[in-house]
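Hello,

Here is the model I promised to pass on. Have a look first, and my notes follow below.

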Amino acid sequence: MVVGYIWIILRRDLRSLLAGRGKASVKERLGSIGAIVIWALLGSAFGYGAWRLFGHLAESLGGFPDLRRAVEINLLNVSSLFVLSMVILMGIQTTYKTVYESPDAGFLLCQPVPVWAVFGAKFLASFGTTVLMSTLYGLPAWIAFGLARGLGVGFYILATAGFLLFLLSCHGVISLILLMAMRYLPGRKMKQLFIAFSAIFGILIVIASQLLNAKVSQSGDPTAIIESLGRGRLSEMWYLPTTWMTKGILGSVREFGIDGIGGWVPLLLLAFGSTYAALLLSEKWYLAGWSGRTEELRPAKKRVRRASRRVAGSRLQGVYWSVLRKDLKTLWRDPVVWYTVVVALIGLGFFSYNMTNAVGEGILGEAQSTDTTVLSVIMVLMPVLMGSVTSSQTGGVSLSREGESFWILRACPVSARTLLLAKLTYAAFWPLVFVSSFLVFLEFTVLPRLTLWTGLFSGVLASLLVASLQIALDVYFPDFTLRIELGASAGGKGTGKLLTTMFSSMGMIVLIGAVLFIPLIFRSRFGEGAVPVLSIVSYLGLFAMAFGATGFMLGPATKRLHRMLTDM
Amino acid sequence: MITAVNLTKRYGSLTAVDNLNLTVKPGEIFGFLGPNGAGKTTTIKMLVGLTSPTSGEAWVAGTPVAKDPVAAKRVLGYVPDTPHVYERLTARELLRFVGDLRRLPPDRTEKKIDELMALFELTDRQDELLGGFSHGMKQKVCIACALLGEPKVLFLDEPTVGLDPRSARLVKDILRRIADDGGAVFVSTHVLEIAERMCDRVGIIQNGVLIAEGTVEELRSKAVPGKEGAGFSLEDLFLKLTGGEEYKELIRHLSSDQTSSGDSSAGDVARRE
């Protein structure tokens, strides 16, 4: 009976999804096809990389079968741990959104349908999303392993089953935790906890990966990776479902001599036990949790009041300043944005740490005479890159981030040019902050660098060029549904826009780099004596780009924004 | 104060507003009525410079809206049908922001904000983030934003939706006051009682065409000539003009069907017993 209800709800979801595809515009269809292609390409790329790695292991460790098996187990286990991290990082929010924030949940709960049937349908829908998301990172490694070892079809079936059971275990436990937490915490508080937890977890992953990278780049030995990975031994992690999955699947490969039953039994028990428990408890707890999802939290009244009064007296007047002030104020109050800034700062910190070590150990010593300029330019472009990645989620998409509130600007006497200038300043904010502080920091290090003023001049121009590109893209392709949480679009909306903005910015930085490298590229052809002239040509090129960008912003982009303000 | 001449808006093959002509004089409250999807919001958006007309022209306080939208927006205030606001600003900060965009002197802005917050009973919550406000409170903040610049012309799209009766009454009084002070108010509403009691003139739009315009009395005499029309409310007139009367018959059928099915089920129970 309940299964029948679940099927009715899911069938309706599936139908509306398919009907939606039928009515989709060419652009939307292309977007969907593009997303599927990218998904498949990424999965294939991961799989190919893993296949090459396992193949390499087979070749290099062919004479040491025990060592090969140990390394393979560790690699597979670490890949599963990565999936577990991703599920913890993203799965909790995905499940929460599907189960508690699904727009039709209220409608379904009003119907004469058992509560746990509604929960069950949402549980399965979010499980589907988790599978789609995690398969990309998790399954290719197992398929690659099977191919490298020449295993039969049975292995792939078992690997898929094990992987799905592992995901169901995670999903069941997450759902149980959510059900319990939502019973006692208001929805907004839950969201804040998710964000804080995900941010800390994400930052820990970034730090861990950067530490690993630093270790490898310092030692210059790829086996350091394997040594680091070797810490994830199965026996030491017996309590994790990743270990059960690895044991269960590898139990089918005779060479490994692993007891597969010891993996399958706890995995099956956890997967079906947690799912059953979640369904059972949902009958009592889901409705209470769902109705509390929109409960308000009183904001920190006094704190806002003090800030509010402080700016009242002496504030810069005019549309430009008021738009910029509003944007920076909302940025300051959006903790989610700070995640991107912290990640960028960590990246920049490790970059300078690695470079300092490389200089200290003399790795860069031989290159100093010829390639100091290259490194010096990179020292300017790296903070611009980090800043532009940050601004591709903040100032660079600030027009889109106006969202539904854009009517306020449209209904006020605001000229398109002033608004564009304010948005441009906001987009350039992070690159400018990063590049100027990094260049000043470099003055106190031994790292190769341009002179402070040359560096600042190049950095400011590069920042403004990237900001112009981002704002032009936002003016021509705005997405007012865009909402950003923890470095990604919330609910998947606007993912294409965020990626386009970020990759276009990177492309622009590569282009700027190419212009700045003109003296190096053409030095061999024109001789050392031509370097000063080539440097001038390089900076003229940069100026030409800046003039081109300015012309575009003042002309077509301003016209386009004027149309957005007056005809939308 | 407000003039629209042959105002037309087409979206592809769909004509949302078709050759609309109207005038609103100073001191007048104009009620704009029509069924869902009739073209009310599109008309308002053209009049306030948020959408450009496909053809035709509109003037607000003598300023051509399409040609000089920035100048037109200086003299008008606008309240949209849904109160979307910046969730991470406080009510006071949003009003300050709007004051700055309208280039009001800071001292005057602060004084006006104090007045408006007191008027809308938001003084205690003016320094809280708008994300925590209810729909009605956000609506009040949007109305305060529109009133901040003391506009000569005010456009309101469904202003009383989400407001409690006390606040709705307050809004009605404010609109009357603006009109009495020589301003013009253009208000779109579904609440016909408000239109009947508050508006000096009303216009009814259907399928993008302005099908009737005038005082309620004028509309009554046009729609139902003679003494018979005297008992007609604006609701009756609206239904008569927009073809809503046909639903009455359907509703009558529906209720008679339900009665008969109720009878038959009662009969079934009786038979089983």
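Among contacts in chain B between residues at least 6 apart in sequence, what percentage join residues at least 24 apart? The answer is 67%, where a contact means heavy atoms within 4.5 Å. For chain A, 82% of the contacts between residues at least 6 apart in sequence join residues at least 24 apart.

Before the details, a word on conventions. This is a predicted model, in which local features need pLDDT of at least 70 and side-chain atom pairs count only at pLDDT 80 or more, while totals for chains, interfaces and linings use all residues. Residues are numbered from 1 along each chain as its sequence is written, chains are lettered from A and ligands numbered from 1 in the order in which they are written, and side-chain values use heavy atoms, with hydrogens and water left out.

The two chains

Chain A contains 20 helices and 2 strands, taken as DSSP runs numbered from the N terminus (helices H or I, at least four residues; strands E, at least two). Of its 568 residues, 49% count as buried. By that I mean under 20% relative accessible area, with exposed being over 50% and partly exposed in between (1.4 Å probe, protein chains only). Chain B has 10 helices and 10 strands, and 52% of its 273 residues count as buried.

Confidence in chain B

The pLDDT, which is the predictor's confidence in each residue from 0 to 100, has a mean of 86 in chain B, and 86% of the residues there reach 70 or more. Within chain B, strand β8 (residues 184–188) has the highest confidence, at 95, and helix α10 (residues 245–272) the lowest, at a mean of 55. Where pLDDT is low, the predicted coordinates should not be read in detail.

Where the chains meet

The contact draws on 41 residues from chain A and 39 residues from chain B. Between them the chains bury about 3700 Å², 55% of it on carbon and sulfur atoms; this is the accessible area (1.4 Å probe) that two parts lose on being put together, summed over both. There are 13 residue pairs in polar contact between chain B and chain A (both at pLDDT 80 or more). A polar contact here is a pair of N or O atoms within 3.5 Å; within protein, one must be able to donate a hydrogen and the other to accept it, and residues adjacent in sequence count only if both atoms are side-chain atoms.

On the side of chain B that touches chain A, α2 (69–75), α3 (91–101) and α4 (106–119) of chain B each supply at least two residues. The largest share, 8 residues, comes from α3(B). That side of chain B divides into 16 nonpolar, 8 polar and 15 charged residues (nonpolar: Ala, Val, Leu, Ile, Met, Phe, Trp, Tyr, Cys and Pro; charged: Asp, Glu, Lys and Arg; polar: the others, Gly among them).

Salt bridges

The structure holds 33 salt bridges over all chains, each a side-chain nitrogen of Lys or Arg within 4 Å of a carboxyl oxygen of Asp or Glu. Between chain B and chain A the count is 4. One of these pairs B:Glu93 with A:Arg333, with the closest N and O atoms 2.7 Å apart. A:Asp567 and B:Lys9 also meet in a salt bridge (3.4 Å, N to O). A:Asp567 lies in the segment after α20 (531–566) of chain A and B:Lys9 in strand β1 (residues 2–11) of chain B, so the pair joins two chains. B:Lys9 is buried at 7% relative accessibility, whereas A:Asp567 is partly exposed at 27%.

Inside chain A, the side chains of A:Lys423 and A:Asp327 form a salt bridge (2.9 Å, N to O). A:Lys423 lies in helix α16 (residues 416–442) of chain A and A:Asp327 in helix α12 (residues 319–332) of chain A, so the pair ties together parts that are 96 residues apart in sequence. A:Lys423 is buried at 2% relative accessibility, and A:Asp327 is buried at 4%.

Two backbone details

B:Glu121 has a positive phi of about 55° although it is not a glycine. B:Glu158 has one of about 50°. B:Glu121 is partly exposed at 48% relative accessibility, while B:Glu158 is buried at 8%.

Best wishes
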